Amino acid sequence: MHELNTDLVISSPGRINLIGEHTDYNDGFVLPAAIDKAIIFKLGKNGTERDCRIHSQGFGEVVHIDLGNISKSSNDWENYILGVLHELMLLGNKLRGFDCTIESQLPIGSGVSSSAALECGLAFGLNELFDLGLQKWDIIQLSQRAEHNYVGTKCGIMDQFASVMGKDEQVMLLDCKTLDFEYIPINIEPYRILLLNTNVKHNLAFGEYNVRREQCHNGLAVVGKHFQIGGTFRNVTMEMLDDCRREMGDVIYDRCSYVVQEIQRVLDAVTALHANKMETFGALLYQTHQGLSEQFEVSCPELDFLVDFSKNWKEVLGARMMGGGFGGCTLNIVHKDAIEPFVNEAGKVYKEKFSLELSAFQTVPSKGTTILDGKG
Ligand code: GAF
């Protein structure tokens, strides 16, 4: 293998989301944070016009991409990269050949959004390397477009936003309708944020995400025929949904009810955090999980099992599945003294039930995409 050039080292973190799931593409609120695990990019100009040499340590050999001939690949992880390059090329002609080594500390498919970290880290790094003049919001939005157009997941804006905008010890309340946001310092002492990784990612994940988005869209259209809602979930009430239930059918009604209730739960959770009412905050997480499992139907037996298990522990204030669903992690708010026994017992019963290993890690809100080592 050729030696790859490095002029710049970038850290692009994964994210957690305390509450507000599947609300981002429904004009709702979310409460995410970047985490202290990241994808590390080593980037360097290689002196060519068009040849990009990409080495991902997790995937083996060096992949060559011709900037003059970008098209979709049959390989998923390459599509994240190709999608970003495609979007950057659309913006002008300042991009040139480069070398890139990618090393990930993020468990792939675990719901901490390694995909957004990959997209945003690459876009951020190339922006620095070639002085493309992009602002943070440009990077966030072009990364989202890359995922829509090249990967095919019609994701919301939360993951890319959290990965780029994160700050140490702060969560972010993002209004996904206006894109206004505020940092909220988080001090949940003596509790900790613990992720339990089911180590499963069911095949449903990709297709069903887009189906949910479409169901929400269809439900909104029905409500919009009868009420002045300005085309947004923000103006939809449960009473309106009840009135439209027969017309939209039970499944769409359940999806939309979840969204309306979850938008409100985020605001309630922020109020609880400000008032340091951690029991209330934890109870809201359990309600979110129930909604995701029963109304939105994006959970799976492994996630449900772990959330149910956590309810036997008085030291756990709340737990829920996190991210798009169908696998990945549960997020748990656990008393620091109970972390070890809780993780051990969870791992034991999870293995008995599913014959699978559980992995666990604590995390803290951390800074977003950043330069670790600048242009030499
Ligand atoms: C995935 C998506 F990428 C996000 O935009 C968000 O919708 C999330 O699922 C669910 O809240 O991570």
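This is a predicted model: local features need pLDDT of at least 70, side-chain atom pairs count only at pLDDT 80 or more; totals for chains, interfaces and linings use all residues.
Close-up 1. Leaving aside residues up to four places away in sequence, Cys 176 touches Thr 23, Asp 24, Asp 27, Gly 28, Phe 29, Val 30, Gly 156 and Ile 157. Cys 176 itself is found in the loop that lies between β7 (170-175) and β8 (181-185). Although Cys 176 and Phe 29 are 147 residues apart in sequence, their C-alpha atoms are 5.7 Å apart in space. Cys 176 has 23 other C-beta atoms within 10 Å, and because a residue with 20 or more counts as buried, Cys 176 is buried.

**Close-up 2. An open sheet of six strands.** The strands follow the order β5-β4-β6-β3-β1-β13, and their pairing is mixed. At the edges stand β5 (62-66) and β13 (370-373), each with a single partner strand, so one side of each is left without a neighbour in the sheet. From one strand to the next, the twist averages 30°.

**Close-up 3. The pairing of β4 with β5.** Strands of a sheet pair through backbone hydrogen bonds, and they may do so in a parallel or an antiparallel way. Here β4 (residues 51-56) and β5 pair in the antiparallel sense over five bridges, and Ile 54 has Val 63, in β5, as its bridge partner.

**Close-up 4. Helix α4 on two strands of the sheet.** Helix α4 (residues 158-165) lies across β1 (8-17) and β3 (32-45), and it runs at about 130° to β1.

Technical notes: Residues are numbered from 1 along each chain as its sequence is written. Two strands pair if DSSP finds at least two bridges between them. Helices (H or I, at least four residues) and strands (E, at least two) are DSSP runs, numbered from the N terminus. Axes are lines fitted to C-alpha atoms, for helices over the stretch in contact, and angles run from 0 to 180 degrees between N-to-C directions. Two residues are in contact if their C-beta atoms, placed from the backbone, lie within 7 Å. A residue is buried if 20 or more other C-beta atoms lie within 10 Å of its own, exposed if 12 or fewer, and partly exposed in between; C-beta atoms are placed from the backbone.
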